[in-house]
Amino acid sequence: MSEAAITTAIITIACVICAVMLISAIYPAMHRATSSVITISAKLGERIETSVEIVAEANETSYEYVWVKNTGSSQLAPSDIECSDIFFGETGNFQRLSYDADLAPAPCWNYSIENDNNGNGRWDTGETVKITINCSSNIGSGDYYFKIVLYNGVSDEDTFSI
């Protein structure tokens, strides 16, 4: 009888040890997977809340002006706007331009918030940003391409004629 009790105790201890080993092997993998899902979900939510629309273009000698409206539900900080990619040039011959607050050396771009409704310096929903592009030479007549890609991949593009 005591042999059966000892055997049962040994088997029970072995089962507990196996269960602990199994949990210690599976739990970290589940934690990593959960963290990845949470991170991806947050980034996807951010992209869904972000939207922009190009509303107008104009030019003056070697400067091109493009107005872009924030049509999403999120606001963008100045650093978010400055991390955007701007592509501009003749259709089929455009390039990515660097951000430069002083608009030098050309070609480069900067921005200003046209209607900062609450004066917070952030690009809020419904506000329009005026993007100024300093080209290296006068802008001639023809078809031009403009694309803005925000820091999170949300973009809008337009082709227009001058």
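Mentor: Start with the largest pocket. This is a predicted model, and the space in that pocket comes to about 250 Å³. Its lining is made of 14 residues. Phe88, Gly89, Glu90, Gln95 and Cys135 are the ones nearest the centre.

Now see where the lining comes from. Strand S3 (85–90) and S4 each give at least two residues to it. S4 supplies the largest share, with four residues. Next, sort the lining by class. Seven residues are nonpolar, six are polar and one is charged. Glu90, one of the residues nearest the centre, belongs to the charged class, because Asp, Glu, Lys and Arg count as charged. Gly89 is also among those nearest the centre.

S4 covers 93–99 and S5 covers 108–113. Leucine 103 sits in this loop. Its phi is positive, about 60°, although leucine 103 is not a glycine. Most residues other than glycine have a negative phi. Leucine 103 counts as buried, because its relative accessibility is 14% and the cut-off for buried is under 20%.

Stay in the loop for the peptide bonds. Most peptide bonds are trans. The bond from alanine 104 to proline 105 is cis, with omega near -5°. Proline 105 lies in the loop between S4 and S5. The bond from alanine 106 to proline 107 is cis as well, with omega near -5°. Proline 107, too, is found in that loop.

Compare another loop, the one between strand S1 (52–60) and strand S2 (63–70). Threonine 61 is found there. Its phi is near 45°, again a positive value in a residue other than glycine. Is threonine 61 buried, partly exposed or exposed? Threonine 61 counts as partly exposed, because its relative accessibility is 48% and that class lies between the 20% and 50% cut-offs.

Methionine 21 is exposed, because its relative accessible area is 54% and exposed means over 50%.

Notes:
Residues numbered from 1 in each chain as written. Predicted model: local features only at pLDDT ≥ 70, side-chain atom pairs only at ≥ 80, totals over all residues. Heavy atoms only, no water. Buried < 20%, exposed > 50% of the residue type's maximum accessible area, 1.4 Å probe, protein only. 1 Å grid on protein atoms, 1.4 Å probe; cavity = no way out; pocket = protein on both sides within 12 Å on 5 of 7 lines; lining within 4 Å. Points joined across faces, edges and corners; volume = space filled by probe spheres on them.
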